[in-house]
Amino acid sequence: MSVRTLPLVFINLGGEMLYILDQRLRAHNTSDSSSEKGVWSEGDRKRVLNDIVGTMFSKSFMDELLKPQQLYSHRTMKTVLTRLAHTSIMRLNPASMDRLYELMIMAFKYQVFLCPRPKDLLLISYNHMDSIRALVRDTPAVLNQVDETHRKVIEVYSTFSEGELQLLRQTLLIFFQDMHIRVSLFLKNQIQNPSGRFVLTTSGPVPSGVDVPGLIRTFDLRGREVSRSEFPPGGSFSGSVGDGSFELNGDRVLRLGRNLYRAEHPEETQTSRTPGAQPNSPPNPLAKEELNLLARLMGSMKAENVPTGERRFRISLFSTDQEEAGASGGEQQDTIQVINIQAVQDGQAALALARIAGEFADEEAKLENPSSSKGDELLAMMDDL
C-alpha cells in the first residue's frame, strides 16, 4: 500500500465537508423567514469556514500529514475530521458526524471510481483546493496557507511515476472497500443502485493520450500498417477533451472534485414538494427524509464559548414553519446557547444509538494491535492549534 495516500484523503474529505457546511450556512442566511433572517450572518459563515480552513492547512499540521505513513482507519480518520470541524464555533453530535462522514466518503469514492487515469487523482485534489481557496478568498492569511499547502502537494506528487500513482489509486480503493452506503442524492440521479453500488456508464470522453476504442490495426514485421478492422466497443466514446493543469493555477479540465453543493444548485439539498401539490398542503414526510439528505446529515450544532445572554442561533432546514415544527417536534427548552440544525426526530434515540455504537467500537479497539493509536500525535497537534 502507498504511504503517500493520507494527505490526499484528508484534503478531499475535508473539502467535501466544507462544501456541505458552506451550502447549509448560505441557505440559512438567505432564508425568507422574517423571524430568522439575519440571525446567522454572512460574517458568521465566513468565520466558521476560515477557522476550519486555517486549522486544516496550518503549516505544522500539513507537515505532519505529508510525512510517509500508512493510511488511517475509518475510525481514526473520522475522529480527525470531527476534531477539525470542532475548531470552529460549531459542534456536531456523534450521530450527525457519522452521517456526514458517510456522505463525504461516498462522494469521494464516486470521484475515484470516475477518475479516468490514476494521475487524475491529483486533479481531483487540486479541484478541491481550488474550491476551498474560493471559500476563503477574502482572508489573505488563510488563503496563503492554502496556496503554500498546494505548492507542497505539487512538490511531493509531481515526481510520482505511473506505477506509484496506480498504487495510490489501489490504496484508495482498498480504503473504500465494503463501503456501500446509500445516498439519496445519488439514488435520485440514478448513479447508485438500491444496494449502494455505483452505476458506471460506458460512454464519454477517453483519457488524455488514449485512442477511442473500436479500431484494430494490423502491422507487418517492418512496422507498416497492412489492414484495419472495426469492432463494437460496447459504449459511446468520444475523443479526449485534453489534459488538465497540474500547476498551482489553471484549467483542470476534469470536473470531479468541484463544489456540487454551491448556491446555484439548491435543489440538491433542499426539500422539494410533490409535483402538483398546493402550497398549503401538509408536508411530505418522505420528501423530508429522502430529498433533504444534507440537511439531515448536519444534525445539531452548538456554539462554543457563547457569552451569557447572547441571542440563540437557530437554523431552519425546511421550507416552511409547518415542516420545521413537524420535523423537530417543537422548540427545545434547554438553556445552552446553541446553533441548531435539528433534523433527527428523536434526539434521545440518536444519542442512545451513538452510545451503543461507541461501546462496540471500544470492544473492537481491544482487539487491535498497538498501531491502532496512530493519529494520536496528529490529534494532539490539533489541540495546540
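A: The answer begins with the confidence of the model, turns to the contact itself, and then visits several individual residues.

The model is predicted: local features require a pLDDT of at least 70 and side-chain atom pairs a pLDDT of 80 or more, while totals for chains, interfaces and linings use all residues. Residues are numbered from 1 along each chain as its sequence is written, and side-chain values use heavy atoms, with hydrogens and water left out.

For the protein chain, the average pLDDT (the predictor's confidence in each residue, from 0 to 100) is 75, and 64% of the residues score at least 70. Over residues 32-38 the pLDDT stays under 50; this stretch has 6 contacts (heavy atoms within 4.5 Å) beyond four places in sequence. Residues 263-346 likewise have a pLDDT below 50, and the model gives this stretch 160 contacts beyond near neighbours in sequence.

The protein chain contains 14 helices and 6 strands (DSSP runs numbered from the N terminus, helices being H or I of at least four residues and strands E of at least two). Of its 385 residues, 44% are buried (under 20% relative accessible area, with exposed over 50% and partly exposed in between, for a 1.4 Å probe and protein chains only). Among contacts between residues at least 6 apart in sequence, 75% join residues at least 24 apart.

On the H4 side, the residues involved are His74, Met77, Lys78, Leu81 and Thr82; from H5 they meet Met97, Asp98, Tyr101, Met104 and Ile105. By class, this contact comprises 6 nonpolar, 2 polar and 2 charged residues (Ala, Val, Leu, Ile, Met, Phe, Trp, Tyr, Cys and Pro are nonpolar, Asp, Glu, Lys and Arg charged, and the others, Gly among them, polar).

Asp120 is buried, because its relative accessible area is 5%. Apart from neighbours within four places in sequence, Asp120 is in contact with Cys115, Phe246 and Leu254. Helix H7 (residues 140-157) holds Leu143, which contacts Arg133, Val136 and Arg137 when neighbours within four places in sequence are set aside. The C-alpha atoms of Leu143 and Gly54 are 8.6 Å apart, although 89 residues separate the two in sequence.

Two loop residues other than glycine have a positive phi. Asp178, with phi near 70°, lies in the loop between helix H8 (162-176) and helix H9 (184-188); its relative accessibility is 63%, so Asp178 counts as exposed. Gln190, with phi of about 60°, is placed in the loop between H9 and strand E1 (203-205); Gln190 is also exposed, at a relative accessible area of 65%.

Finally, Thr218 sits in strand E2 (residues 215-219) and is partly exposed, because its relative accessibility is 37%. Beyond neighbours within four places in sequence, Thr218 contacts Arg224, Glu225, Val226 and Ser227. Its C-alpha atom is 8.5 Å from that of Ser229, 11 residues away along the chain.
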